[in-house]
Amino acid sequence: MVGLAFRRLAIVAAFGLLTLTGTAQAQSAFPSQPIKFIVPFPAGGINDVLARIVADKLQAKWGHPIIIEQKTGAGGNIGADLAAQAAPDGHTIFVTAPGPLAINQSLYKQLTYKPEDFVPVTVLGGVPNLVIVKKELPVNSVKELIELVKKNPGKIVFGSQGNGATPHLTANMFMSMTGTQMVHVPYRGETLVLNDMLGGHVDLFFGNVSAALALWRDNKVKVLAVLDKKPSAAMPSVPVIAEQGLPDLVSTGWFAAALPPKTPLQLRDQIAKDFIEALKLPDVQAKYRALSVEPVAGTPAETAAFIRDETRRWGEVIKKTGVVVD
């Protein structure tokens, strides 16, 4: 009986060893095919550009092509749903702005995916938002903007990348803090918002530094304030929002990489290590900073904690301002 028990134990141990070996081999096989980056916002936007910069380095390291797929719509939910359904083998990576990971669960009554089930990899970079107005708007400060909006309730038009996007929520914070009312026009990307601003159809956009920098330098739009606690190195002459009388109107954008639910942690760590190494390369950092994006490259644990904090923060904003998306 004792001998039989030992033989059974040996068989179980051997089976477990084979299973572990198979798992390790499967994970160490990454990558074994082209990798797909799902970006839930349009081509040409900052989300797309940042993804492509890091993809160039990872493609060289991994020895397989990286395909960038824009799957836009529904505030990023369409792309998020596709990424959530992908095989957890590392060959599909979700590269996104905050919405699908930290905002949409507070906005939508029902999602087809669970943001908390994604496996965070790293935050690529962060960038402050701005108060951007069309050049023809007769204001040169946030105080003057507030006065104009109060005199024209329901007439000033602000754009955003869609319902629930950070600029949309920031505009709602602005209206809540100032007791004003504006009209929201959602677009499918920041480039489209700015194009319509140049055409005179959008008065105001709480977009990020990267999106507005070239237009601001060419004097095609006006930037009234930086929505951060410190000035932007790219726009040192633009005051921070606290200097404009609204110290609590702080809004920053960020872009993170995450893996489909149930991705093994060992594989996550391998991919995160490669992402972080790429993000710390001097030329990558220089390209990010040229877009006014500060590289972050945090660990998976730091990234998960950051996303949880952002989820709580924007959830409170949504609850307070009553923003709802069906």
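Predicted model: local features only at pLDDT ≥ 70, side-chain atom pairs only at ≥ 80, totals over all residues.
1. The largest nonpolar core is made up of 55 residues, and the residues with the most contacts inside it are Phe-37, Val-54, Trp-62, Ile-93, Ile-271, Phe-275 and Tyr-288. Helix α2, which spans residues 46-62, gives the largest share of this core, namely 8 residues. As a general background, nonpolar side chains in soluble globular proteins tend to be buried together.

2. Trp-62 deserves a separate look, and its neighbours within four places in sequence are left aside here. Beyond those, Trp-62 is in contact with Phe-30, Pro-31 and Ile-35, with Ile-93, and with Ile-271, Asp-274 and Phe-275. Another core, of 33 residues, lies apart from the largest one, and among its members are Val-139, Leu-145, Leu-148 and Val-317.

3. Asp-203 counts as buried because its relative accessibility is 8%, and the cut-off for buried is under 20%.

4. Not counting residues up to four places away in sequence, Asp-203 touches Ile-132, Val-133, Lys-134 and Leu-137, as well as Lys-155, Ile-156, Val-157 and Met-197.

5. For placement within the fold, Asp-203 and Ala-242 are separated by 39 residues in sequence, and their C-alpha atoms are 22 Å apart in space.

Key: Residues numbered from 1 in each chain as written. Heavy atoms only, no water. Core = buried A, V, L, I, M, F, W, Y, C linked by side-chain atoms within 4.5 Å. Buried < 20%, exposed > 50% of the residue type's maximum accessible area, 1.4 Å probe, protein only. Helix = DSSP H or I, 4+ residues; strand = E, 2+ residues; numbered from the N terminus. Contact = heavy atoms within 4.5 Å.
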